[in-house]
Every structure is written in structure tokens, then in C-alpha cells.
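Here's a quick look at how two chains meet. Have the model open while you read.

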Amino acid sequence: MADELEQLYQTTYQAVVRFLYRKVWDADRAEDLAQEVFMRALSHRPEKPRSWVFAVAANLARDEARAAIRRRRHLTLLSADPAGRPSSAPSADEMVEEDERQAEVRLALDSLTPRDREVLLLWDAGLSYPEIAERTGLAVGAIGTTLARARKRLVDAYERQHDHDAAAHS
Amino acid sequence: MMLLHIPDDELHAYLDQALPRSRCVKLESHLAACPGCRARRDATAALRDRTTLLLATLTPERKRIPPSYEELQRRAVARPARRFLWRDLAWAASILLAVGVGYGMRFSSGTPTRPAVAQQVAALPAPPTATATPAVVTKVAPESRRERTASPARDSSSPRERREAMLARAETPPPPRSIQISTDSLPPETAPTAGLWRTVPWTEAKEQAGSAPPRVDGVPVVEVQVQSRREHEQGRPVTVVAQQLSSGQLITTIEGPVDDVWALLSRRGDQGDTAGAETVRQGSRLLAVTGQLPADSLRAMVRRVNAARRVQ
């Protein structure tokens, strides 16, 4: 089991960070939560660690989102050193462009239904159809349908957003 | 059976390599003969690639090297097991105890409060006497009954002497008054960053932190808490300084690594603490000032503390 977990950690850690980042939108927090996920896996020794890891990651991200909402109510962050900013940024223009692109994709992703988004993110994290089905409660046969819809909606929403932003800038 | 056309979901599953081999063979033989389905397969593959590329833009900047598996194992072992029920109960009990002690101390810290203690004593149920009804005696828990029967008060012949004896016990050296405050600011053991928290004298806090813990100058400090560093950690520990304004309101200055301070603030929110907070980040450290004050006041304070910290 320990070997299996170690292998999972080596191969899946970054995927878990990405998965969490797309839910909490904070790179540092995503890394913290990913480490928490694997530490819990080490304590619990789940039978199906891969599926378990993403299930726990999704739960932690949900808790984090709730906490973030509470923080936003009470806090105003005066950030002298904004998190998520690359330390070796290429240039201001490139950074702005990349930020805009990220914002457009993020908006497109947020426009999906929670179920479509979850299935898409789990697929992108490398989970198989049966693993996604187990995690989401969908039938294995429904994963293809859900992914087909989610992919199309993501691309459509992104292009709409991109066109809208381009028109606003011109 | 000959396929009419391949449905979209099957094309996605086919490209995701999620179909059984036998089904793939059927699809491939159909694709070989059906240009329409081939075109749809290509469009689906393009859509799939486009989705992957879009999602790839949402990849966080890799800022830290993840811990090795061995390090993670070590941390998992070092971390106490999560026993929610018992920890929560212990935490609730400690709050009750601290509030109780604080409440008691309010009445026992000087001569004028003695009547108040006396009132409390008077309000206590009388120890079993000959006049007590059997029903009352049987309701007393065995532990507390033992304690009472062992007390000198039982041998006192008059209620006055019994009260005097209890007053004498109430005058045992009190714990510092700040315990009452610490229940508000001390994070529970279940906090993800939990090390050991200690309430320490100012000089010791300075020694542990390497310099004076950040606080608002000119405001009396009522309590300093320091989270002892864990084995693998370097640098200054997390410090929490509680200060009392002339209006009687408490403000708390928290300083430490960003994650730890956020965890503390988040925990306060989880516990329903409605105090506002203002923060300022400097590198990997976060400074926060919290209190039931307007945001502008807190912001001014955190800036002031931050400016003083930079001068140090």
C-alpha cells in the first residue's frame, strides 16, 4: 500500500494541485491542500487511493470555498505582494495578456454546471471513466455524454467571452 | 450488427480510450467505411484538444518544491491523529473551564469582591447535613460527594465557618486574568497549523521571536501567545499579541507565515468570530490586526504596525 501511495504521490501530486487550483484559485493554497490530501491518505490508507485522493481534494476545496466566502465578508486584503503572481514574469504586456486569457477561461469554466465542471476537471486530472463515475455518482455510460457536453460548452463559453472582450477593447 | 453512425458520447469515450477493446474494433471498422463519422471524429478530437489547451492555461505557477514522499510520511506520523469528537469535547471543556476561572477571578481579585464570592458560596448547594432530605443526597455525584465529605467544611459546625473555609479555598493563587482572553484568540488544536501554543511573558516572547512581536505601539499588552516552531520549521514563530484599548476593546495582532496566519483567521471565521481583520503581506509573512473596530481603524493600525516592523 505504501508503495502504491508513493507512486500515486509521485505521479498525481501536480494533477491534484491543478485540480484544487481550479477550484480555490490560489496557487499556494492549492499546494497546501494537496499536501493535506496526501497526508490524510497516508493516515487513512484508502483501498482505492486514486479515487479517494480526488474525493478528499474536492471536499477540501469545497470547505475552502466556504471559508473564503467568510473571509471575504470580514477581510480586506491589503496585499503588498499579490499571491499567484509569477516571480519571474516575462513582461508586463505578456503578463496582462496571460491574465486576461486565464480570466476568460476561468469565466468559461465557471459558466458550466457544477456536475459538468466536476466531470471535466476530474477527466483532466487523469481519472478514468469508472473513477469519475464513482466519484460523481453518475453511471459510467453517462460520463462520455457529460464530457461531450462539458467540452463543447467550455469552448463555446470561452469563445463568446473572448469575442466579447475583444470587442470591448477595440 | 452494423452501426448506423457513432453517437457523440461514444466518439468522446473512444478518443478517451474508455471503451472496451471489442467496442473499439467495431467503431474502427465503421470509421473506415463512413467519411461522415470520420469527420465527426476529427472534430471531436479537435474539441478535446482545445479543451485540454484551455484548461492548461489554468495551471498554477509552481512556486514551491513539493515535499518528498519521506518528508510527507514524517509529517503525517508527527501529526496527532484526528479525533474530532474528543478534541472538540476537550476544546469545549477548556473554554468552559477558562470562562469559569475568568468569571471567578473577576470576583476574587481583591477585597471588594469577597462579598461576591460569598454570594456564590451561598448559592452553592449546602453539603449534606442531617436536615438534608435523602433525595438530595442521592443526587450528588459520587466524585463531588467524596470531595465534599473530604473538605474541612464538613466538620465545621456552623454554615458561617463552612463559608469561610470555602472562601479560603477561593483565595488560592489565581491563574492570570488573560486566560479569559486566550480562549478567544487561541486556535483550537485541530487547526491545520497547530503547533504548541503558549502564553508567555513579553520578554520570553521577544526571545523566542528574535525581536519584539509586532503590536500596536502605545497600547497595553494583555497577553502574548507564541506557537512553538515545529521541528522542520525555520524562522520566527507565529505570534499573537492581544492588547486592550482605552475603550476596553481588545485588538489582536497576528504575525507569521502567510498560511498559518490565514489558517488562524479562517478558524476564527469558522467559530463565528465576527471581529474584522485587516492584513498586509510582506514576502512569505502575513501581518493581521483584528478587533471589533471599523475597517478604517484596523487598516490604519495594520499599516502602523507594519511600518514599525520594517523599521525594526
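How many residues of chain B are in contact with chain A? The count is 46 residues of chain B against 47 residues of chain A, with contact meaning C-beta atoms, placed from the backbone, within 7 Å. Keep in mind that this is a predicted model, where local features need pLDDT of at least 70, side-chain atom pairs count only at pLDDT 80 or more, and totals for chains, interfaces and linings use all residues. Residues are numbered from 1 along each chain as its sequence is written, while chains are lettered from A and ligands numbered from 1 in the order in which they are written.

On the chain B side, helix 3 (35–57) gives the most, with eight residues. Helices (H or I, at least four residues) and strands (E, at least two) are DSSP runs, numbered from the N terminus.

Helix 2 (residues 27–44) of chain A packs on helix 4 (residues 69–78) of chain B at about 70°, axes 9 Å apart; axes are lines fitted to C-alpha atoms over the stretch in contact, and angles run from 0 to 180 degrees between N-to-C directions. The two are therefore roughly perpendicular (65 to 115 degrees).

Here's who makes that contact:

| Helix | Contact residues |
|---|---|
| Helix 2 of chain A | Gln35(A), Phe38(A), Met39(A), Leu42(A), Ser43(A) |
| Helix 4 of chain B | Leu72(B), Gln73(B), Arg75(B), Ala76(B) |

Helix 1 (8–15) of chain B also supplies at least two residues to the side touching chain A. Just after helix 1 of chain B, Gln17(B) takes a positive phi of about 55°.

How values were computed. Angles under 35 degrees count as roughly parallel, over 145 as roughly antiparallel, 65 to 115 as roughly perpendicular and the rest as oblique. Two residues are in contact if their C-beta atoms, placed from the backbone, lie within 7 Å.
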